[in-house]
Amino acid sequence: MSLTYIVIAEARSGKLRQVTLEALHAAKIAKNDADRLVAVFPGHQITSLAEELAQYGVESVHVLDHPSLENYNPDTYFPAIAELIDGIRPDAVFLGHTGIGRDLAPMLAAHLNAGQISDVTAIEKSGANVLFTRSLYAGKALEQKRFVQGPSIVTVRPNNVPPAEKTGSLAPIVPVSYSPPAALRSIVKDVVRKASGKVDLTEAKIIVAGGRGVKSAEGFKPLEQLAEALNAAIGASRGACDAGYCDYSMQIGQTGKVVTPEIYIACGISGAIQHLAGMSQSRIIIAINKDPEAPIFQVADYGIVGDLFDMVPLLTEEFKVTLT
């Protein structure tokens with residue numbers, strides 16, 4: 001008997017989020033050839049994005065296009081998606097482990113009476129089982145879990161599963177009518193984003209992060225210049241945020257964002273356990289710190305002992321020459 005897999009898509013700033021394609025690839029790994037794979041895309045004025053998504057090997061893209069879905073609001077998103085998936089009756093639902101995914105997944109799990117595995121970093125098949133890997137204890141251990149029965153909900157951590165690739169075919173777009181509830185507990189009229197840079201921090205391939213060693217808000221300027229040269233995102237430790245050097249939207253760590261970029265450049269960050277919990281799974285870690293005994297060097301692949309205000313501009317100039 002064939003099963004039905006659903007991927008719930010997200011858009012941000014008028015673009016299809018990378019983690020949606022990663023969740024799509026995760027669903028493809030989990031399913032069998034005979035199983036159905038469909039996408040559900042809530043939003044507003046997303047026809048062109050839905051057509052883009054339709055090129056990635058799904059059977060169909062169900063579009064919930066309504067002004068009340070332009071910005072995420074659980075009071076509108078959940079009823080819209082729940083009504084749609086009740087008609088599809090999926091066996092598994094995949095989402096990105098984003099702010100939206102973390103909020104929406106448990107509501108869907110409760111609605112479907114489904115099991116949930118969150119923050120998945122890898123997926124593999126072992127015989128008839130599908131194993132999902134996730135980290136524990138601030139990244140110090142890994143566990144593998146599987147579903148034993150019933151519907152399942154999975155959220156996928158950004159930058160861990162490869163994105164799906166275009167197949168050359170175009171799946172049908174299925175418009176779905178939706179009317180929001182008459183009485184809403186809350187209405188989102190506008191979203192003001194405090195961006196950490198041109199690149200989304202949670203999906204960035206390269207991150208340049210600053211800690212207390214930047215000494216001030218002005219101290220982030222050399223880091224911003226390096227990030228611009230590398231097309232990277234800017235992050236920060238909790239210490240830098242607590243000191244008022246930057247906004248908390250840039251915070252990386254156990255109480256901030258968890259990131260897994262290809263390259264993480266830590267500038268003036270000592271390497272407290274709280275911060276390591278948010279970035280220790282980065283593929284390559286480069287640390288710049290004046291203190292040769294700083295804990296960050298214990299997890300770094302490459303270390304530079306020196307003043308970041310001397311080292312970072314040198315790196316920036318070198319990358320400008322190398323990358324042009």
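Reader: What should I keep in mind about the values?

Author: This is a predicted model in which local features need pLDDT of at least 70 and side-chain atom pairs count only at pLDDT 80 or more, while totals for chains, interfaces and linings use all residues. Residues are numbered from 1 along each chain as its sequence is written, and side-chain values use heavy atoms, with hydrogens and water left out.

Reader: Why is the pair of Y72 and Y77 called edge-to-face?

Author: Rings of Phe, Tyr and Trp (its six-membered ring) pair if their centres lie within 6.5 Å; planes under 30 degrees apart are stacked, over 60 edge-to-face, and the rest tilted. The ring centres of Y72 and Y77 are 4.9 Å apart and the planes stand at 70°, so the pair is edge-to-face. The structure holds four aromatic pairs, and ring pairs also link Y5, F94, F132 and F147 into a cluster.

Reader: Is Y77 buried or exposed, and how about R238?

Author: Buried means under 20% relative accessible area, exposed over 50%, and partly exposed in between (1.4 Å probe, protein chains only). Y77 has 8%, so Y77 is buried. R238 has 39%, so R238 is partly exposed.

Reader: What makes β14 and β17 edge strands?

Author: Strands are DSSP runs of E with at least two residues, helices are runs of H or I with at least four, and both are numbered from the N terminus. Two strands pair if DSSP finds at least two bridges between them. The open sheet has five strands in the order β14-β13-β15-β16-β17, with parallel pairing. β14 (233-236) and β17 (302-305) each have a single partner strand, so one side of each is left without a neighbour in the sheet.

Reader: How do you know that β13 and β14 pair?

Author: Four bridges join β13 (residues 206-210) and β14 in the parallel sense, and the definition asks for at least two. A209 stands opposite G235 in β14. Likewise, β15 and β16 run parallel and are joined by five bridges, with A266 opposite A287 in β16.

Reader: What makes the unit of β15, helix α7 and β16 right-handed?

Author: A crossover is right-handed if, with the strands pointing away from the viewer, the path from the first strand over the helix to the second runs clockwise. The unit of β15, helix α7 (residues 273-279) and β16 is right-handed, so its path runs clockwise in that view.
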